[in-house]
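Please keep the sequence and the structure in view while reading.

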Amino acid sequence: MESLDERLDRIEREAEDMPQLDKLSDQALRLLLSQHIQDMCSIGHRISNISFDEIVKLTQSKHGALGMLLRECEIRGRSAS
């Protein structure tokens with residue numbers, strides 16, 4: 001289990017690795033979202049053959065990035081309404 005400091009450090013690294021989402025075109029955002037979903041699906045196909053610790057390691061960064069992408073989609077959806 002990650003300590004709070006480790007988790008905060010990981011979240012900061014993930015945020016630095018993400019492009020400026022508000023600068024992406026709609027198409028680029030959709031492509032990035034699609035790539036993250038495909039990555040999660042590939043983990044899902046292997047889930048019965050890996051340990052729970054490995055599942056956590058593989059999905060933590062994807063989960064954080066996916067959350068940021070979904071928030072950007074939500075913002076764009078609200079401003080389009």
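Helices (H or I, at least four residues) and strands (E, at least two) are DSSP runs, numbered from the N terminus. The model is a predicted one, in which local features need pLDDT of at least 70 and side-chain atom pairs count only at pLDDT 80 or more, while totals for chains, interfaces and linings use all residues. Residues are numbered from 1 along each chain as its sequence is written, and side-chain values use heavy atoms, with hydrogens and water left out.

The protein chain has three helices and zero strands, so that its elements read α-α-α from the N terminus on. Helix α1 covers residues 4-17, helix α2 residues 26-46, and helix α3 residues 52-80. Along its principal axes, the C-alpha trace spans about 40 × 30 × 20 Å. A residue is called buried under 20% relative accessible area, exposed over 50%, and partly exposed in between (1.4 Å probe, protein chains only). By this division, 21% of the 81 residues count as buried.

Charged side chains come next. A salt bridge is a side-chain nitrogen of Lys or Arg within 4 Å of a carboxyl oxygen of Asp or Glu, and the structure holds four of them. One of these joins R76 to D26, with the closest N and O atoms 2.6 Å apart. This pair links distant parts of the chain, since R76 belongs to helix α3 and D26 to helix α2, 50 residues apart. R76 is buried because its relative accessible area is 18%, whereas D26, at 49%, counts as partly exposed.

R76 also forms a salt bridge with E72, where the closest N and O atoms are 2.9 Å apart. The two side chains make a polar contact as well, again at 2.9 Å; such a contact is a pair of N or O atoms within 3.5 Å, and within protein one must be able to donate a hydrogen and the other to accept it, while residues adjacent in sequence count only if both atoms are side-chain atoms. Because E72 and R76 are four residues apart in helix α3, about one helical turn separates them. E72 counts as buried because its relative accessibility is 11%. Through these bridges, D26, E72 and R76 are linked in a network.

E74 is partly exposed, with a relative accessible area of 41%, and R78 is exposed, at 61%.

What gathers on the surface? Patches are made of residues with over 30% relative accessible area and no salt bridge; like charges are joined within 9 Å, and nonpolar side chains (Val, Leu, Ile, Met, Phe, Trp, Tyr) within 5 Å. D5, E6, D9, E12 and E16 form a patch of negative charge. Asp and Glu count as negative and Lys and Arg as positive, with His and the chain ends not counted; the place of a charge is taken as NZ of Lys, CZ of Arg, CG of Asp or CD of Glu. E12, in helix α1, is partly exposed because its relative accessibility is 49%.

L4, L8 and I11 make up a nonpolar surface patch with about 280 Å² of accessible area together, the areas coming from the Shrake-Rupley method with a 1.4 Å probe, where for residues only the protein chains shown count as cover. L4 is placed in helix α1 and counts as exposed because its relative accessibility is 61%.
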